Amino acid sequence: MELKTIQTPHVPVRYHEAGQGQPLVFLHGAGGLDLDMGFLDALAEKFHVYAPLMPGYGDSEECAELRDMLDFKLHTWDVVAALGLKDPILVGFSMGGMIASEMAAVAPRDVSRLALIAPAGLWLDAHPIPDIFSMLPYQLPPYLFHDAAAGAKIMSAGGDMSDPKFLQGFLVQAARQLGAAGKIMFPIPDRGLASRLYRIKAKTILIWGESDKLIPPVYAQAFQRGIAGAELVMVPEAGHVVAFEKPHDVIRAIARLA
Amino acid sequence: MKFTWFNLMPWPYLPADFRQTHRSVWVDIDSKLFDPEKSHELYNTYIDLLEYAGALGFDGIGVNEHHQNAYGLMPSPNLIAAGLARRTRDVAIVVLGASIALYNPPLRVAEEFAMLDCISGGRLVAGFPVGTSMDTNYCYGQIPALLREKYREANDLILRAWNEREPFAFNGRYTKLRYVNLWPRPIQQPRPPIHIPGGGSIETFDFCLDNTYSYSYLSFGGYVRGKQLMQSYWDRVAERNTPDTSPYRAGFAQTICVADTDEEAERLYAKHVSYFYNRCLHVFPGFADAPGYRTIKTIQKGVLSQYAPPKGGLFPELSWKEMVEGGYIIAGSPETVRQRMEEMIKGLHVGNIFCLMHIGDMPKEKSMYSTRLFAEKVMPKLRNIFPEHAADNRFWCRPMANRVSPGALPTEVDLRQMAGADD
């Protein structure tokens with residue numbers, strides 16, 4: 001994929017682009033795009049994929065003007081406009097799914113196809129979503145991956161926390177990325193989406209890993225209840241990062257929107 | 001020098017295996033460990049100790065704010081301060097402080113501090129901490145990346161409320177008020193002195209220098225470890241060509257234990273110090289620093305040593321010897337303590353010392369013994385370290401000259417006559 005920059009009213013935005021065909025915008029989760037690149041490459045064989053980084057992610061500029069959910073969804077609409085796209089297939093994973101849902105709810109006539117991959121944005125008291133902000137890196141894999149041991153290996157491949165230089169880089173990245181995510185997800189990833197879901201008019205596919213321990217599948221049903229006609233695709237042997245663990249299942253599900 | 005006797009008010013009944021059986025003393029502390037009936041005596045003893053220190057000649061007695069924390073029983077420091085204002089006469093009431101971004105609206109702090117200043121006759125030393133990540137983000141749900149902006153706005157609101165004499169509208173991002181009109185108003189004009197507890201961020205250094213606030217470093221790491229951070233503060237003071245380098249621009253918290261001899265100090269206090277450092281400071285590292293709480297600039301500046309969760313938690317198990325030699329604590333005979341205090345005061349160039357003299361599960365008698373020895377045999381010898389700055393009153397309270405004695409209602413016998421009933 002090619003990494004490019006585009007100007008939006010608030011901040012220059014970095015985005016990955018590849019492929020041909022119907023335009024598709026992919027919004028990443030709170031962890032950024034690192035785990036998504038393989039999936040996006042495969043997705044770009046079928047679609048013209050645009051994957052913008054939220055301000056603060058990767059090497060992109062932070063944006064202090066984005067403070068709340070309204071800012072985030074309007075900013076992401078600004079990105080779509082800056083890319084010159086009209087009614088792209090909107091795909092969002094986790095935090096990105098929350099933003100995509102909000103975008104579709106605030107501008108229902110501008111989104112006709114929506115794929116939500118284990119989206120955040122709802123809260124069920126009986127099923128509290130674990131607090132990723134207080135988790136230490138080694139605690140994350142069981143919540144993210146179906147195969148926690150394999151996941152731990154992937155995540156620890158990053159570097160050694162006892163090396164001060166690596167640690168500093170890690171902390172800066174966490175402050176930038178999760179700091180930005182916290183504006184719409186801390187301390188609870190709910191900014192009132194439940195009361196707006198009814199506005200979504202898009203044909204909607206929900207995609208969920210069967211063994212998602214971060215946002216368990218009971219949330220899929222909550223989204224299904226909220227969005228008229230939403231279809232649910234459950235992916236076996238996949239955790240929260242379902243597009244990483246089972247990219248082709250996810251792509252097949254998205255392709256139903258094409 | 002200004003010495004403030006500080007009590008964190010720790011819960012003294014944590015089990016011996018707390019570290020092994022519980023993940024954190026803070027945020028998700030096991031609430032079953034709290035016994036309200038035991039707290040009755042505890043609160044009263046702790047408040048008695050503060051009053052005792054006030055009577056021994058300390059310049060200030062200090063309280064602070066923590067939430068869901070087994071080493072701090074003061075979610076509301078102002079409640080304790082109000083009691084102290086009534087029961088003490090001359091000592092400064094140091095509230096270090098109220099986390100101004102946590103109050104809605106923050107005007108509440110301006111009001112309560114004004115009340116404290118009025119009740120105490122102008123003895124309030126105010127503190128405006130941003131608050132730890134544990135308190136502000138994890139306990140009080142503030143969004144880490146927005147906390148500092150909210151804090152600055154709260155500071156602006158409080159200062160304006162104290163300063164302005166006409167009602168004004170405050171259109172903040174986080175607080176909107178149509179009629180700000182403070183009532184009551186503080187005795188100290190234009191405002192009580194303000195101290196800012198900080199953890200080493202450059203922005204906070206600048207904030208203090210811009211506003212003539214005193215910067216205080218309230219760690220439990222002691223003066224050896226505090227040296228780097230305080231030095232970066234004084235470097236910043238120099239970099240900005242600040243007109244003076246008064247030591248009262250800075251404060252430092254230090255755990256102090258005094259006994260007759262060094263050996264006696266270890267014998268009397270070691271187990272309580274160990275209780276504090278090894279049980280009370282057992283904080284789950286995931287709560288230490290929510291992403292976005294600290295600014296990028298601060299992380300990049302490398303003021304990391306204290307915050308990067310080291311293996312074994314924030315404070316690994318330490319022996320008495322390690323704690324004394326590492327400067328975590330200053331402990332020993334009055335002469336030992338005097339020497340090390342002087343080394344600390346000069347080394348850090350600090351005029352405000354927050355003396356942590358009730359430690360962990362220390363019984364009141366030991367705390368009183370240590371406190372009295374410090375007040376009588378150590379403090380007097382440290383008074384004049386900075387004679388050239390003795391007149392600097394920007395960072396300390398300026399009480400009214402004629403203060404009343406609380407509890408001075410007339411006796412019942414004279415009541416009829418005094419009320420004028422016989423006229």
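Author: In this predicted model, strand β3 (residues 23-27) of chain A is joined by four bridges to strand β5 (residues 89-93) of chain A, and the two run parallel. Leu24(A) stands opposite Ile89(A) in β5(A).

Reader: Which helices lie on the sheet in chain A, and at what angle to β7(A)?

Author: Helix α7 (residues 218-226) of chain A lies across β6 (113-117), β7 (203-209) and β8 of chain A, and runs at about 170° to β7(A). Helix α9 (residues 247-255) of chain A also packs on the sheet, where it touches β5, β6, β7 and β8 of chain A; its direction makes about 165° with that of β7(A).

Reader: What is the strand order of the open sheet in chain A?

Author: The order is β1-β2-β4-β3-β5-β6-β7-β8 (chain A), an open sheet of eight strands with mixed pairing. β1 (2-7) and β8 (231-235) of chain A are the edge strands, each pairing on one side only. From one strand to the next, the twist averages 25°.

Reader: Turning to chain B: are the faces of β3(B) covered or open?

Author: Both faces of strand β3 (residues 92-95) of chain B are covered. Ala92(B) and Val94(B) lie on one side, Ile93(B) and Val95(B) on the other, and all of these residues are buried.

Reader: Which strands does β3(B) pair with?

Author: Strand β2 (residues 60-63) of chain B is joined to β3(B) by four bridges, in parallel. Within that pair, Ile61(B) stands opposite Ile93(B). The chain passes from β2(B) through helix α3 (residues 77-87) of chain B to β3(B), a β-α-β crossover that is right-handed. Three bridges connect β3(B) to strand β4 (residues 124-127) of chain B, again in parallel. There, Val95(B) is opposite Ala126(B). A right-handed β-α-β unit is formed by β3(B), helix α4 (residues 107-120) of chain B and β4(B).

Reader: And how do α3(B) and α4(B) pack?

Author: Their axes are 9 Å apart and the angle is about 15°. Angles under 35 degrees count as roughly parallel, so α3(B) is roughly parallel to α4(B). The crossing of α3(B) and α4(B) is left-handed.

Reader: Which residues make that contact?

Author: From α3(B), the contact involves Asn78(B), Ala81(B), Ala82(B), Ala85(B) and Arg86(B). From α4(B), it involves Glu112(B), Leu116(B), Ile119(B) and Ser120(B).

Reader: Which residues other than glycine have a positive phi?

Author: Met9(B) is one of them, with phi of about 65°. Met9(B) is in the loop between β1 (2-6) and α1 (18-21) of chain B. Gln68(B) also has a positive phi, near 50°, and lies in the loop between β2 and α3 of chain B.

Reader: Why does Met9(B) count as buried, and why is Gln68(B) partly exposed?

Author: Met9(B) has 25 C-beta neighbours inside 10 Å, and therefore counts as buried. Gln68(B) has 19 other C-beta atoms within 10 Å and is therefore partly exposed. The cut-off for a buried residue is 20 or more.

Reader: Back to strands. How many residues of β7(B) are buried?

Author: Strand β7 (residues 194-198) of chain B has five of its five residues buried. Ile194(B), Ile196(B) and Gly198(B) point one way, while His195(B) and Pro197(B) point the other way.

Reader: What are the partners of His195(B)?

Author: Gly127(B) stands opposite His195(B), where two bridges join β4(B) to β7(B) in parallel. In β8(B), the bridge partner of His195(B) is Ser214(B). Four bridges link β7(B) to strand β8 (residues 214-217) of chain B, which run parallel. With helix α7 (residues 202-211) of chain B, β7(B) and β8(B) make a right-handed β-α-β unit.

Methods:
Residues are numbered from 1 along each chain as its sequence is written. Chains are lettered from A and ligands numbered from 1 in the order in which they are written. This is a predicted model: local features need pLDDT of at least 70, side-chain atom pairs count only at pLDDT 80 or more; totals for chains, interfaces and linings use all residues. A residue is buried if 20 or more other C-beta atoms lie within 10 Å of its own, exposed if 12 or fewer, and partly exposed in between; C-beta atoms are placed from the backbone. Two strands pair if DSSP finds at least two bridges between them. A crossover is right-handed if, with the strands pointing away from the viewer, the path from the first strand over the helix to the second runs clockwise. Axes are lines fitted to C-alpha atoms, for helices over the stretch in contact, and angles run from 0 to 180 degrees between N-to-C directions. Angles under 35 degrees count as roughly parallel, over 145 as roughly antiparallel, 65 to 115 as roughly perpendicular and the rest as oblique. A crossing is left-handed if the near helix is turned anticlockwise from the far one by less than a right angle, and right-handed if clockwise. Two residues are in contact if their C-beta atoms, placed from the backbone, lie within 7 Å.
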